[in-house]
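Hello,

Here is the structure we talked about.

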Amino acid sequence: MKTLHLSADKQKDIEQAKEILANGELVAIPTETVYGLAADASNPEAVKKIFAAKGRPANHPLIVHIGNMDQLSDWAQDIPEQAYQLAKAFWPGPVTMLLNKADKANSVVTGGLETIGVRMPAHGVFSTLLQSGLAVAAPSANPYKKLSPTSAEHVLNSLGGKLAAVLDGGDCVHGLESTIVDLTQTPLRILRSGPISAAQLSDVLGEEVLSPKTHNVAVPGNVTSHYQPNTKVRLVDSQALSNTQGKKVAYLHYSSLDESQQAIENVTSKQMSGNVAEYSYQLYRSLDEADKWGCEEIWVERPPLSDEWLAVHDRLNRAQSKLS
Ligand code: TXA
Ligand code: MG
């Protein structure tokens, strides 16, 4: 299949993307987090194509993206008051809420589960697409277990030929996937860390929200190897650089390199930001870039251990190959 490269700046291209979705085909769409591989969520046959294109197991649930609050009850039921409070504070935005699935919501989307993840994305083009009442199921637009794409080029390079079109809306501003919060049990808990922290959620709700540091998350799709470039990734402390043993290493670091580190042969390095939001924005695109340097391994300097870096640590731990 030839994948069309459409522009989110052109009304005609947006209309074409809508038509493709209405015809039950897949379109990659930019969100404020990462690009999503979208299908009409109410069309089970279209949703099945997402699993096929990604090579994703059918029991790994997908997130449903809605454009307005009226759509929430099409997909979820027994919606607790906290959902409305969080929606008011963070939607449209990078928070996915896990709720009880509405009876009529199709179970291909939820991978057969009785719960459903719903979010309202904050990206101009997404809002335009969803205005008509359409809801789209969309995982990140990457092959199963690979890096999530933050640009249209990245989608085309990794999934080109497997979807009808990519709607190019430029680079994603957050660069890391949404925070997923489970509202089906008390206390509320974060299942996947993201741009919005447990502290921010609890401030709005006035109640405790657990973070993955305080509990184990066992749901299909929450796998320990994920977000991986093709080159092996290793998390290291900055002193490790003095012991590359002649290996060709790509090095992503946020602390500055001293002169002796700069002089080490066979190391191609990239300076990352020390600011967590900027670092998150850079992370997937830098791993993707480093993947093309022809190195034997990608070494990533372990970021600070403070809570605000939780989402970054989560992605890096999963990107790290299970090396001895
Ligand atoms: O930022 C995002 O959330 C992006 C953009 C495209 O919206 N989407 C995204 O989707 O990251 P995906 O499929 O790559 O990751 C969704 C995660 C999976 O790990 C899945 O297991 C979890 O959400 N999830 C979805 N529905 C769930 C459910 N009913 N119960 C438990 N986990 C669920
Ligand atoms: Mg994903």
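**Salt bridges**

Glutamate 25 and lysine 49 form a salt bridge, with 3.2 Å between the closest N and O atoms. (A salt bridge here is a side-chain nitrogen of Lys or Arg within 4 Å of a carboxyl oxygen of Asp or Glu.) This pair links distant parts of the chain, 24 residues apart: glutamate 25 is in the loop between H1 and strand E2 (27-29), lysine 49 in helix H2 (residues 44-54). Helices (H or I, at least four residues) and strands (E, at least two) are DSSP runs, numbered from the N terminus. Glutamate 25 is partly exposed at 27% relative accessibility. Lysine 49 is partly exposed too, at 33%. (Buried means under 20% relative accessible area, exposed over 50%, partly exposed in between, with a 1.4 Å probe and protein chains only.)

The model is predicted: local features need pLDDT of at least 70, side-chain atom pairs count only at pLDDT 80 or more, and totals for chains, interfaces and linings use all residues. Residues are numbered from 1 along each chain as its sequence is written, chains are lettered from A and ligands numbered from 1 in the order written, and side-chain values use heavy atoms, leaving out hydrogens and water.

Aspartate 74 and lysine 104 also meet in a salt bridge (3.8 Å, N to O). They sit 30 residues apart, aspartate 74 in helix H3 (residues 72-75) and lysine 104 in the loop between strand E6 (95-101) and strand E7 (115-119). Lysine 104 is exposed, at 64%.

Glu177, Asp314, Arg315 and Arg318 are linked in a salt-bridge network. The count comes to 16 salt bridges.

Best wishes
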